Amino acid sequence: MRVREALAASARIGRARATADGAARPADTAAAEVVRLLDRASDLYAQTKEHGFQARAAAEWARLRRLQAELEAETGNAAFLGLSLADTLRQCVRLGNHRVAARVRTDFKISDRRFWWLKMKTLAAAKDWEGLEAF
Amino acid sequence: MSALPDYNEGPLSLGQLREEARRLLIELLDSRRGKKVLILDPRVSGFLGLLAEVSLLKEHGIEQLLHLSSEPLGDLGVRNVIYLVRASINNAQHIAQQIKETNRTRPGAGLEYAVYFLPRRTIACERIFEEEGVYGDIVAGEFPLGFIPFDYDLLSLEQGSAFRELVAEGDRSSLYGVARALTRLQALYGGAAVLKGKGTMAAAVRLLLVRMRQELGREAPVVGGGPIDEIILLDREVDAVTPMCTQLTYEGLVDETMQIKNGSVSIDNPSGARQKIALNSADKVFRDLRDLSFAAVGPQLGQRAKSIQSDYKTSKAAERSLSELKEFAAQLKALPNIQRHIGLAEAVNRAIAAPAFRTRVSVEQSLLDGHGLDASAESIEEMMCNEEDLFVVLRLMCLLSLTNGGVPKKYFDALRKEVLHSYGHEYMLLLSKLQDAGLLVKQEGGKGNYAALKRAFRLLVDDVDDKTPTDIAYVFSGYAPLSVRMVEAAVKGPGWGVGEDVLRLLPGPTFEVEQTTDDKGLPIEKPVQDRKLTGISKKRRVIVVVFIGGVTFAEIAALRFLESRPETNCTFVTATTKLINGTSLLESIVDDSITAANSVAVI
């Protein structure tokens, strides 16, 4: 049950900080806090035998959020934090950041089939015909 | 207000039940004097329209209707504020917040607050009022609403959270509401001689029913003489497979594609405006079509339109008698109904024309058949890649789990990981809940009971004729819902009509008891001895089938089909905690922690 509490706490704190202030600093610290709590949740899940999946998922979620924060800092574009992994990849492809997309693909062990399918659909949806040709 | 069904045409005159609910509501409103504002929980306002029209509320002093929020109240021009809400901690917090804020911003307003909880007040809610320091400002009461009639043969408590509480959270408080509503039903229509049930929750309701009868003592509903012969209690958990499948009847498909809410559906007109269509037996065209396989609906509508057309032509040719003309005029009156349903059926057709819909149904069929597991898992994965609706995907995953005694190890984590990757990691909490509920679990030794149940209850039927069906399996185009098969077997003879060994395959205890009185006239229950009560008799028996945790329109259609068969000498009334489909059932399990986590996701 401590595991659930940790996750719920991450949600509560995140929400409180988000509504508190629109300024960049508090949002940053709030986001860092969520990552810390997710890591903590992962540790707590790992202490039981049955929650291997949840432990891995929470750790992966923390990793994703860290990457998203990095991407936002790099691109100066607040368009990543909170997206799902698939949407993060789509966003990378849409912004033409294929280097990062390739990194996300290896980091999160996304299958080839899945990756190419997603990339192709995103390019087609964006009507990026040149990108599709270079495929 | 749209037309109401004739509640009294069924085996129980349910109009009486509706009258009672209205009387309770009016008493509640009249308990505060003068003009007042009514603040409603959105989950209450939905069905309140089925019980009372706005003009009735106005007659009893309601000046304004508001939805519950925690924002302070502005100047409403009245002194009395009545809250009508479900008894939940969240609601109590909103109310406390609103009253505190209103007192702070408008200290001289002098408002009087009355809070009515549905179906009963709870200690938890009152504690919140105490802690927030508003207890003294509030008069708290109850609105002991029982079953709400949805049609002449359909009752619901509209408790959407019941399944989640019972199955995923181990909270059985909603069962009290079920037992109380059943006791009230029997007080109005006479007690049922026989009580049958299957499942843990059914057994708990049985215990509550006995206790309530004993508390009433000599006042307890008299058994025998009333119209109800038997009550069958079924846990949704006993048959979780059925709601995961796509309903293929007309009403079922309308619900699957457009969501029927409180007996009506909203569709976009060709002109672009939203149109609300009431779906109940008051609409004679819908009444004839609702339970048909969707495949049969188009031809039926075409035929009706054509027959009116040809009648119109012949009417010009020949002179007609006055009575013939009258008949023809009545037919013409049905024309707008026919047009409305052509529009609705077209909307369904558009929704099911998508290739994803075909994939979904074919995956379902092969999972129910019990082969093509690998291909099914692959299809599900592909659907996630294509960003199909999360709940459609989860329904198929649950179906895979339920029909195979769990998801095989090699797919379990892979599929769940794909859910997180495609829809967001916050859904890990939902996946955990589904696991707790036993809907999506890992296969551990053995393929489970489904194959044996499939044989014992003949769940799969080949060569179903959609247009002139001979078996209930038509409602899912070849799959007979287990729940209704159990009812079918149980009404044929004494007991459950199947062997002990078969009943043991299903979770929870099985029981069959007689509600009767001892020699002092006090209520007791005893094993059924008088076989005349359950056996085949000349009298057409009335059976109330109670689905604890929700029922789908397809199952209701199957029960209606069953009662239309000459071999079934019974009439059914369906009662439930909530009218559901697989999607709304799974959505009800998405709890506040996920909504909260979702809000984190957007910072």
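Predicted model: local features only at pLDDT ≥ 70, side-chain atom pairs only at ≥ 80, totals over all residues.
**Domains**

I began with the division of chain B, which is split into domain 1 (7-145), domain 2 (149-242 + 472-587), domain 3 (260-349) and domain 4 (355-447). I then looked up the separation of domain 3 of chain B from domain 4 of chain B, and their C-alpha centres are 39 Å apart.

The largest nonpolar core has 181 residues, and the members that touch the most others are Leu84(B), Leu182(B) and Leu439(B). Helix H17 (residues 390-403) of chain B gives this core its largest share, 10 residues. For Leu182(B) I listed the contacts beyond four places in sequence, and these are Phe147(B), Val205(B), Leu209(B), Ile231(B), Leu233(B) and Val546(B). Another core, of 22 residues, lies apart from the largest one, and includes Val37(B), Leu73(B), Ala92(B) and Ile95(B).

**The eight-stranded sheet**

I traced an open sheet of eight strands in chain B, with mixed pairing and the order E6-E7-E15-E14-E9-E8-E12-E13. Strand E6 (148-151) and strand E13 (523-527) of chain B are at its edges, and because each has a single partner strand, one side of each lacks a neighbour in the sheet. Ignoring direction, I find that neighbouring strands of this sheet are turned by 25° against each other on average.

Within the sheet I followed the pairing of strand E7 (residues 154-156) with strand E15 (residues 570-576) of chain B, which is parallel and runs over three bridges; in one of them Leu155(B) has Ala575(B) in E15(B) as its bridge partner. Helix H23 (residues 553-564) of chain B lies across E7, strand E14 (541-548) and E15 of chain B, and runs at about 165° to E15(B).

**Backbone exceptions**

The peptide bond from Leu118(B) to Pro119(B) is cis, with omega near -5°, and Pro119(B) is in the loop between strand E4 (112-118) and helix H5 (123-131) of chain B.

Glu158(B), which is not a glycine, has a positive phi of about 50° and belongs to the loop between E7 and helix H6 (162-168) of chain B. Its relative accessibility is 7%, so I count Glu158(B) as buried, the limit being under 20%.

Ser477(B) also has a positive phi, near 50°, and sits in the loop between helix H20 (450-456) and helix H21 (482-490) of chain B. With a relative accessible area of 33%, Ser477(B) is partly exposed.

**Arg416(B)**

Which residues does Arg416(B) contact, leaving aside its neighbours within four places in sequence? I placed Arg416(B) in helix H18 (residues 409-423) of chain B and noted that, at 4% relative accessibility, Arg416(B) counts as buried. The contacts of Arg416(B) are Met397(B), Leu431(B) and Gln435(B), along with Phe53(A) from chain A.

Notes. Residues numbered from 1 in each chain as written. Chains lettered and ligands numbered in written order. Heavy atoms only, no water. Domains from an automatic or database assignment. Core = buried A, V, L, I, M, F, W, Y, C linked by side-chain atoms within 4.5 Å. Buried < 20%, exposed > 50% of the residue type's maximum accessible area, 1.4 Å probe, protein only. Helix = DSSP H or I, 4+ residues; strand = E, 2+ residues; numbered from the N terminus. Contact = heavy atoms within 4.5 Å. Pairing = 2+ DSSP bridges. Axes fitted to C-alpha atoms, helices over the stretch in contact; angles between N-to-C directions.
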